[in-house]
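Here are my notes on this one, written as numbered points. Have the model open beside you while you read.

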Amino acid sequence: LARHLQKEAQSQHNNSEFTEDQKKTIAKIATCLELRSAALQSTQSQDEFKLEDLKKLEPILKNILTYNKEFPFDVQPVPLRKILAPGEEEHLEFEEEDEEGGAGAGSPDSFPARVPGTLLPRLPSEPGMTLLTINIEKIGLKDAGQCIDPYITVSVKDLNGIDLTPVQDTPVALRKEDTYVHFNVDIEIQKHVEKLTKGAAIFFEFKHYKPKKRFTSTKCFAFMEMDEIKPGAIVIELYKKPTDFKRKKLQLLTKKPLYLHLHQTLHKE
């Protein structure tokens with residue numbers, strides 16, 4: 001809903017039925033929805049945006065065309081930056097040639113969309129079944145220091161590019177130094193290894209914010225196939241976007257030896 005409201009708030013003058021003031025109010029409601037979403041995902045209880053707060057926005061939204069009172073919360077409209085579901089940035093109408101859309105964008109309806117920094121907890125263990133934790137240590141990029149708000153989207157796809165588990169986004173990277181962006185974050189794969197279909201792969205899409213275009217873009221991707229699931233460190237190659245979930249037309253990002261550094265831990269009952 002935040003995304004839809006924001007789109008409306010950012011729509012150009014002539015093709016919107018809202019005034020500029022109404023758009024500002026809509027953008028502030030989008031901010032509140034984001035705050036509520038962040039509160040729901042946070043384990044800290046201080047300063048959170050409560051359900052009662054959210055309910056105060058309902059009459060404003062219902063009467064947006066006539067609402068002229070002061071906004072009940074001191075919030076800024078969401079900045080002009082797109083809030084995107086995983087994979088959605090591959091389909092933006094205004095993307096330029098070099099940002100072309102994703103080959104096989106998976107199945108957007110199979111799992112709910114999540115916003116960046118949405119890691120899921122480890123599944124309950126089952127006798128005889130193996131769970132996989134992947135620590136994303138760092139990624140090597142020649143222009144690592146110039147990436148704004150970089151994060152990685154992790155998904156598990158079958159051979160047809162269909163999601164086998166919910167998509168997860170890491171929080172924004174910890175730090176950037178030299179030619180590395182450091183994450184050091186654990187991803188809990190949301191399916192027992194034994195239940196993953198033959199030919200499945202785990203994808204890692206490196207994304208960063210582009211101020212000129214005001215949206216988040218995929219820079220490159222990497223993937224790990226089932227025979228690479230084993231305990232310990234692993235480095236995997238980086239490929240040019242758009243993300244090819246079907247693994248048909250892969251092109252290395254560069255001739256330079258740049259890799260995604262991971263560490264795998266297997267948990268078996």
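1. Let's begin with burial. The protein has 269 residues, and 44% of them count as buried (buried is under 20% relative accessible area, exposed is over 50%, and partly exposed is in between, with a 1.4 Å probe and protein chains only). The accessible surface comes to about 15,200 Å², with 51% of it belonging to carbon and sulfur atoms; such areas come from the Shrake-Rupley method with a 1.4 Å probe, and for residues only the protein chains shown count as cover.

2. Some ground rules. This is a predicted model, where local features need pLDDT of at least 70 and side-chain atom pairs count only at pLDDT 80 or more, while totals for chains, interfaces and linings use all residues. Residues are numbered from 1 along each chain as its sequence is written, and side-chain values use heavy atoms, leaving out hydrogens and water.

3. How confident is the predictor? The average pLDDT (confidence in each residue, from 0 to 100) is 81 for the protein, and 80% of the residues score at least 70. Over residues 85–115, though, pLDDT stays under 50, and the model has 73 contacts there beyond four places in sequence (a contact means heavy atoms within 4.5 Å).

4. Now the layout. You'll find four helices and 10 strands, in the order α-α-α-α-β-β-β-β-β-β-β-β-β-β along the sequence. These are DSSP runs numbered from the N terminus: helices are H or I with at least four residues, strands are E with at least two. Of the contacts with a separation of 6 or more, 71% are between residues 24 or more positions apart.

5. What sits in the largest nonpolar core? This core has 32 residues, and Ile-136, Ile-202, Phe-204 and Leu-260 have the most contacts inside it. Strands S1 (130–140), S2 (148–157), S5 (180–188), S6 (201–210), S7 (215–225), S8 (232–237) and S10 (259–268) each give it two or more residues. Apart from it lies another core of 17 residues, including Ala-27, Ile-29, Cys-32 and Ile-60. By definition, a nonpolar core is a set of buried Ala, Val, Leu, Ile, Met, Phe, Trp, Tyr and Cys residues joined through side-chain atoms within 4.5 Å.

6. Click on Ile-136 next. Not counting residues up to four places away in sequence, Ile-136 touches, among others, Ile-152, Phe-183, Phe-204 and Leu-260.

7. On to the aromatic rings. The whole structure holds seven aromatic pairs (rings of Phe, Tyr and Trp, its six-membered ring, with centres within 6.5 Å; planes under 30 degrees apart are stacked, over 60 edge-to-face, the rest tilted). Phe-203 and Phe-245 are edge-to-face, because their planes are at 80 degrees, with ring centres 5.0 Å apart. Phe-203 is in strand S6 and Phe-245 in the loop between strand S9 (239–240) and S10, 42 residues apart. Phe-203 counts as buried at 0% relative accessibility, and Phe-245 is buried at 5%.

8. Phe-223 and Tyr-239 are stacked, at 5.5 Å centre to centre and 20 degrees between the planes. Both Phe-223 and Tyr-239 are buried. Ring pairs link Phe-203, Phe-221, Phe-223, Tyr-239 and Phe-245 into a cluster.

9. Lys-138 lies over the face of Tyr-180, 4.1 Å from the ring centre, and the charged end of Lys-157 sits over the ring of Phe-245, 4.1 Å from its centre. To qualify, NZ of Lys or CZ of Arg must be within 6 Å of the ring centre and within 35 degrees of the ring normal.

Key: pLDDT is the predictor's confidence in each residue, from 0 to 100.
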